[in-house]
Amino acid sequence: MAGIFYLKGAIMFDPTAIPMYKPEEIEPKWQARWEHDKLYQPWNDPDKTKFYALTMLPYTSGDLHIGHWYAMAPSDARARFKRMQGYNVFFPMGFDAFGLPAENAAIKNNTHPKTWTYNNVERMRAQLKTMGNSFDWRSEIVTADPKYYRWTQWWFEQFYKHDLAYQKFAPVDFCPSCNTTLAREQVKGEERLCERCGTPVIKKNLKQWFFRASNYSEELLRFDGIDWPEVIRTLQTKWIGKSEGASIIFHTEAEDALEVFTTRPDTLWGATFMVLSPEHPLVDKLTTEAQAEMVQAYRQQAARQSDIQREALDREKTGVFTGSYAVNPASGQHIPIWIADYVLMTYGTGAIMAVPAHDKRDFDFARKFNLPITVVIQPDGLESINAAALTEAVEAHGMMVNSGPLTGTPGNLSFEKAVEFAEANGFGHRSVNYRFHDWLISRQRYWGAPIPVVYCPHCGTVLVPDEQLPVELPDDIEWTQKGDNPLVIHPTWKHTTCPNCGGPAERETDTMDTFMCSSWYHLRYLSPDYETYPFDPEQAKFWLPVDTYTGGSEHATMHLIYTRFFHKAARDCGILEGDEPMLQLRNQGMVLGEDGEKMSKSRGNVVNPDDLVQKYGADTVRAYLIFFSRWDQGGPWSYSGIEGNARWLRRVWSMFLEPETTHVDADVLKALRRKTHQTLRSLSYDYENFEFNTIVSGLMELLNMMARAKAAGAYGTPEWNECVDIYLRMLAPVCPHIAEELWERLGKPYSIHNQAWPKLDEEAAKDEEITLVVQVNGKLRDRMIVSPEISKEEMQAAALSSDAVRGELAGREPKKIIVVPGKLVNVVV
RNA sequence: GGGGCGGUGGCGGAAUAGGCAGACGCAAAGGACUUAAAAUCCUUCGAUGGUGACAUUGUGUGGGUUCGACCCCCACCCGCCCUACCA
């Protein structure tokens, strides 16, 4: 109370005092004005170079968290910098609004996914606006809006028409008690129990929709012409998982073909058994009566395990003999066929030839089940190996032994020769295998864009005609105890007429993966209300591709690969031009809790941006986030750290507004100008190169210089005024509100955000003197203040005249003298 | 097991081309202002030795290349993230 009285008193009794910095007043004021004046709405200005700055749109989870701020504030600062540089910048924002959490929340809170989602959109939009970003809200999209998903459905139809979408059976997680499919997130724990009823989940084959993403595997491995972080490129490359090898066709004793993929055709003669994935389609046929019971039991158990569990390396191998045999096409040997869960149906052909002598996994398996081991490779420099004495598989390449006609083939030729042999004998060929699969887009969920397909008993699969799009989600839905998809149990929704023959037909009840929605949102931003096409072609021609895309690297193998596929597919449908959707990608790191751990409710280390805005204002929060660490690295939050940025902005405020006059010293003014332009030079570099933290520290440094200059009477001089002008422009992208407010208070024309980036005066930025570093044998011995124009000879002479150097030399002759112009002299003795 | 990123004061971090390590900020200590507190301002602040200018030492560890290494090379240790039986 006393403090407040004192404060009021100060204002009442000291009319000359400048007003306090009150972000809570100036920030909403400017946000409203900018919006009213449509300050951030570019539109095809042909005189300017376009710049499409895009940051990943948030999922409508309910609250904007500090991570969103961390992703968006620096992206906004850079977009603003680009605007000031004269680019025509488009920086849109929207909401990723479909998805499972909405359904779960709706069921839990007894509300509707639409209500939940749109409430969150409202809330998050308001929160976003407190950041003061330069978003063009005209372009906002909500992916759950029928206006939007009408075009998501349109895209599906284009892909279908161009044979890039197809249907096939694929295994999904299924709860036999609830009688419904589950999303991966709904399967809980190691035991893989249904989230709702606790029943063990099984894998079930259902007919589902796919996009032919694997057609693009090879192209997706190329990153020509795009500037994406190496980490992302590596992750995508590994995810696509190209491996070169051979396809080998084995035959069972019953003459069924059994194709395998191997990267080691040279070990073919050592294949002493085969292993099929438990889900392999031939298992039933191969299983003999005597083995039927064991095989069945094993398959059931395997069906319940997640891939993760099955793939755990340290898990002991398990498996069951089918009772059948195959013939090794090279050796003619009859070899047993087993099933084991270490062979995955999702990779290769779901079957392998097992070469225990030369593959670790096969070796473990063979040892456990006493299967024969044959050595067929003798690596150079290794003692002659024999199967009985092996303690581990020998995976190194080497000379082929024990391999029929190819015995003696050296290691460097073995791959080629083995493939040639297989080709010549008609049982195999060279082949390339990818880990990357076609994109399964079917989701047995309500809250997604319905797949616009009708199944007609006469006409088969029929696309919903364009004029009938969107296929809208019904609002009147019910949730059953069992958790069925409301679209399936809805009394009327799925019943429709065939667009082809007019007879009764049923709608597809699956909806699309939400990554479908986010694969093309950057196109819809360009013309969110355009009614005859997913985007206005003229706008697309002007704005595409995206120049800078920012967001989290956790999307490397999902969104960021899907959106690249989507673009290429659209290109091949003749809809888009160019090979890549986003030219430059940059990823931010993660803000951790004060304890250095990932933020989580259970840890109690979550930082709430709304509270921070209330306490410090958005500019301070933005400045702190930009300042505290390298953007691509992230790091721990600090509540005391942000105080430093709050202090800085208060200093800026009073520095610029509090007048002060005394005598002026010309040297001080020159130094101020020098520092001003030096800062301008380094900050221009930092903004361009996403080195945000040094932007703020550079501004702090310049402010410190200004304080000294002000104390020496620089306030109000032309040099001072120039400094203030440049300072505010450099500050504007990071702290747009305070920069605008000070700009106005200093009588400059609205708006600072329409001002040009300052021009660098190279001459002013030049150092008047430099510190010459003098070393003897690489150790610092002296420093001298010299002119920057000093010649190499003069530098050397100056260094040798140094007392410290002379003392160190003690009469000895220098062996060598290294002179680095403008920097240092190193005298070697 | 594989891949990636990182390790610099009490803390977060700078060092843009191999050339003054520790910019900037936080915390801490001392001081000024104030009845007092907050705010603000000033000073100090890697370690060791010295009253001091200064000297020695110092960027995870060990080695190497170089006139000179936080930076390049080799080996190792630690932390975090991702990935995981990929045939």
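**Entry 1: a word to settle before starting**

I call a residue buried when its relative accessible area is under 20%, exposed when that area is over 50%, and partly exposed in between. I also remind myself that this is a predicted model.

I looked up the salt bridges and found that the structure holds 48. I began with K129, whose salt bridge partner is E35, with 3.2 Å between the closest N and O atoms. Where do K129 and E35 sit in the chain? K129 belongs to helix 5 (residues 113–130) and E35 to helix 2 (residues 23–36), so the pair links distant parts of the chain, 94 residues apart.

Next I checked how open the two ends are. K129 has a relative accessible area of 27%, which lies between 20% and 50%, so K129 counts as partly exposed. E35 is partly exposed too, with a relative accessibility of 44%.

**Entry 2: around helix 18**

I then turned to E580 and R564, whose side chains form a salt bridge at 3.0 Å, N to O. R564 is in helix 18 (559–572), while E580 is in the loop between that helix and strand 25 (582–588). The two are 16 residues apart, and the pair is listed as linking distant parts of the chain. Are E580 and R564 buried or exposed? Both E580 and R564 are buried.

A salt bridge also joins D579 to R571, and here the closest N and O atoms are 2.7 Å apart.

E219, R564, K568, R571, D572, D579 and E580 are linked in a network of salt bridges.

**Entry 3: the nonpolar cores**

In soluble globular proteins, nonpolar side chains tend to be buried together. With that in mind, I looked for the largest nonpolar core here, and it has 169 residues. Among those with the most contacts inside this core are W155, F156, W648 and F656.

Which residues does W155 touch, leaving aside neighbours within four places in sequence? W155 is in contact with M516, W520, L523, P534, F535, F566, A570 and I575. Another core, of 54 residues, lies apart from the largest one and includes W338, A366, V375 and I377.

**Entry 4: domains**

Last, I looked up the domain assignment of chain A: domain 1 covers 243–433, domain 2 covers 651–765 and domain 3 covers 770–828. Taken over C-alpha atoms, the centres of domain 1 and domain 3 are 70 Å apart.

Key: Residues are numbered from 1 along each chain as its sequence is written. Chains are lettered from A and ligands numbered from 1 in the order in which they are written. This is a predicted model: local features need pLDDT of at least 70, side-chain atom pairs count only at pLDDT 80 or more; totals for chains, interfaces and linings use all residues. Side-chain values use heavy atoms; hydrogens and water are left out. A salt bridge is a side-chain nitrogen of Lys or Arg within 4 Å of a carboxyl oxygen of Asp or Glu. Helices (H or I, at least four residues) and strands (E, at least two) are DSSP runs, numbered from the N terminus. Buried means under 20% relative accessible area, exposed over 50%, partly exposed in between (1.4 Å probe, protein chains only). A nonpolar core is a set of buried Ala, Val, Leu, Ile, Met, Phe, Trp, Tyr and Cys residues joined through side-chain atoms within 4.5 Å. Contact means heavy atoms within 4.5 Å. Domain bounds come from an automatic or database domain assignment.
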